[in-house]
Amino acid sequence: PRTRALQQRHLAKLASSLGSLRELQIGPLPVQLLIDAFAASHSSAEVYQPADLAAVFGPLDTLPVATRLKLADAMRQRLATMWRNQQVQQQAGTKRTEQQLAAEVVRGYSVALDLVPALEAFAPEAWQALLAAADLNFDQAEYLYGRKADLATYTGLRDSAFSLYSRAAAAYTTALGRPNTQPAARPFIQWFKAALRASDLGFLTRQDAQNTPQLAAVAQALAALPEAHRARHVELFAQAAARSLAELNPELKHRYARAAAELLGDHPAAAPIRATLAYYQDLLGEVQLNVAVDGPTTGGTQPFGLAVSVWSTVAVSRESGGFAKYVTANGWNPMTGEQIDYRELFEKKAREALADRFEVLSVAFAKPEIRPTPIDSPLTGNREGWEQTPIAYLVLKAKDPAVDTIPALSLDMDF
């Protein structure tokens, strides 16, 4: 592994080489080449330090805007991947605890945000800077949410991100009046994804709650574009949404496709999105999450059971490889290859859904070797072609005798 001492030697050598090139008046070198060289000289387990950045690139507050934004984006990519990965830390022998690693990640977001310049709204690069700050705030909010940060911290970062997305779209709309501004969907597609809690780094989140007012705001921002530019940008947005759909984690795709289809309507460029949405709508007719009460159903505060199972057609169960993987703690994300604790994900979401009305006394999962059993079809009443796979058994206790409704539960599935 690359030790910190070796890292510092490599960075010093890089800074010296760049200094020699400047003395020879060679340059400027391509920014991305410098960023890649800095990354290659740096340990993959260590978050960048401002002093190291300054030693190689020069005083950070005097760097060109484009350089600062590229550096901030490079940090954002690493913060979402290797810098938060405990396995990378272990391989590098840092011996950081989870709390120490989390503190480094938070520090990294602070450094990256400091790289983003504060520009006047009419500056040519204003929308790129605002968008970069919005993305960083959103990613940090989702990271802290996953670490069970306090609600005030999470909502503060999230609300700041949405405000910045709105300002970025407005600044971009202003910039469209300049001859050197190229049409781009990014100011709108990033905002749209964040409203769905589906960052372009889609593996960051598995949350269900979308922000409907923000989705409406994205649609309004597109509609507010000058008429001469509006049709082209709606087309670009549709194309970007279709590309993004293929990159998202499976559990995010259905609501993403539904929201994009609602925003775009019957626009021709949205045809791939509508096709995907139709596929998921058909799929929902062949797989359901069933919740059955085991015990008294007349209210009160006596404990009772809740049996959770997947009902599906035999064909969908066979073609998807079955649903027993959703009771395992060591699954694998088919999109990213990262390990997933399916049990922890379901339990976390179930507890959140039930918390207002019920105490969750226990959660027990079926064994991974569980076999599905035939059931009557929930659509036709016929047993032929349908089966159920037990997932979990929850023991609940109502917090108030007046509680008579169980909130909907959900299970993320990889399709």
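Predicted model: local features only at pLDDT ≥ 70, side-chain atom pairs only at ≥ 80, totals over all residues.
Q: Which residues of α3 are buried?

A: The general idea is that an α-helix has 3.6 residues a turn, so residues three or four places apart point the same way. In this structure α3 covers residues 50-57, and its buried residues are Asp52, Leu53, Val56 and Phe57. When one looks down the axis of α3, these buried residues fall within an arc of 110°, so they line one face of the helix.

Q: Which residues are buried in α2, and where do they lie around the axis?

A: Helix α2 runs over residues 31-41, and Leu34, Ile35, Phe38, Ala39 and Ser41 are buried in it. Around the axis they cover an arc of only 165°, which puts them on the same side of α2.

Q: How many helices and strands does the protein chain have, and what share of its residues is buried?

A: The secondary structure of the protein chain comes to 15 helices and seven strands, and of its 415 residues 45% are buried. Along the principal axes, the C-alpha trace spans about 80 × 55 × 40 Å. The accessible surface of the chain comes to about 20,500 Å², and carbon and sulfur atoms account for 54% of that surface. Among the contacts with a separation of 6 or more, 69% are between residues 24 or more positions apart.

Q: What is the volume of the second largest pocket, and which residues lie nearest its centre?

A: The general idea is that rolling a probe the size of a water molecule over the atoms shows where empty space is left. Here the second largest pocket has a volume of about 540 Å³, and among the 20 residues that line this pocket, Glu251, His254, Leu284, Leu411 and Met413 lie nearest its centre.

Q: Which element gives the most to that lining, and how do the lining residues divide by type?

A: Helix α12 gives the most to the lining of the second largest pocket, with six residues. The elements that each supply at least two residues of this lining are α12 (250-264), α13 (271-284) and β1 (287-294). By type, the lining residues divide into ten nonpolar, four polar and six charged.

Q: Is His254 buried or exposed, and which residues does His254 touch?

A: His254 lies in helix α12, and because its relative accessibility is 19%, His254 counts as buried. If residues up to four places away in sequence are not counted, His254 touches Leu277, Tyr280, Gln281 and Leu284.

Q: What is the relative accessibility of Tyr256, and which residues are in contact with Tyr256?

A: Tyr256 also lies in helix α12, and at 1% relative accessibility Tyr256 counts as buried. Leaving aside neighbours within four places in sequence, the residues in contact with Tyr256 include Ile189, Phe192, Lys193, Leu196 and Ala240. Tyr256 and Lys397 are 141 residues apart in sequence, and their C-alpha atoms are 35 Å apart in space.

Q: Where is Arg178 found, and what is its relative accessible area?

A: Arg178 is found in the loop between α8 (151-175) and α9 (186-195), and with a relative accessible area of 24% Arg178 is partly exposed. Not counting residues up to four places away in sequence, Arg178 touches Phe122, Ala123 and Pro124. The C-alpha atoms of Arg178 and Ser377 are separated by 61 Å, and these two residues are 199 residues apart along the chain.

Key: Residues numbered from 1 in each chain as written. Heavy atoms only, no water. 1 Å grid on protein atoms, 1.4 Å probe; cavity = no way out; pocket = protein on both sides within 12 Å on 5 of 7 lines; lining within 4 Å. Points joined across faces, edges and corners; volume = space filled by probe spheres on them. Helix = DSSP H or I, 4+ residues; strand = E, 2+ residues; numbered from the N terminus. Nonpolar A, V, L, I, M, F, W, Y, C, P; charged D, E, K, R; others polar. Buried < 20%, exposed > 50% of the residue type's maximum accessible area, 1.4 Å probe, protein only. Arc of directions from axis to C-beta. Contact = heavy atoms within 4.5 Å. Areas by Shrake-Rupley, 256 points an atom, 1.4 Å probe, with all protein chains shown as cover.
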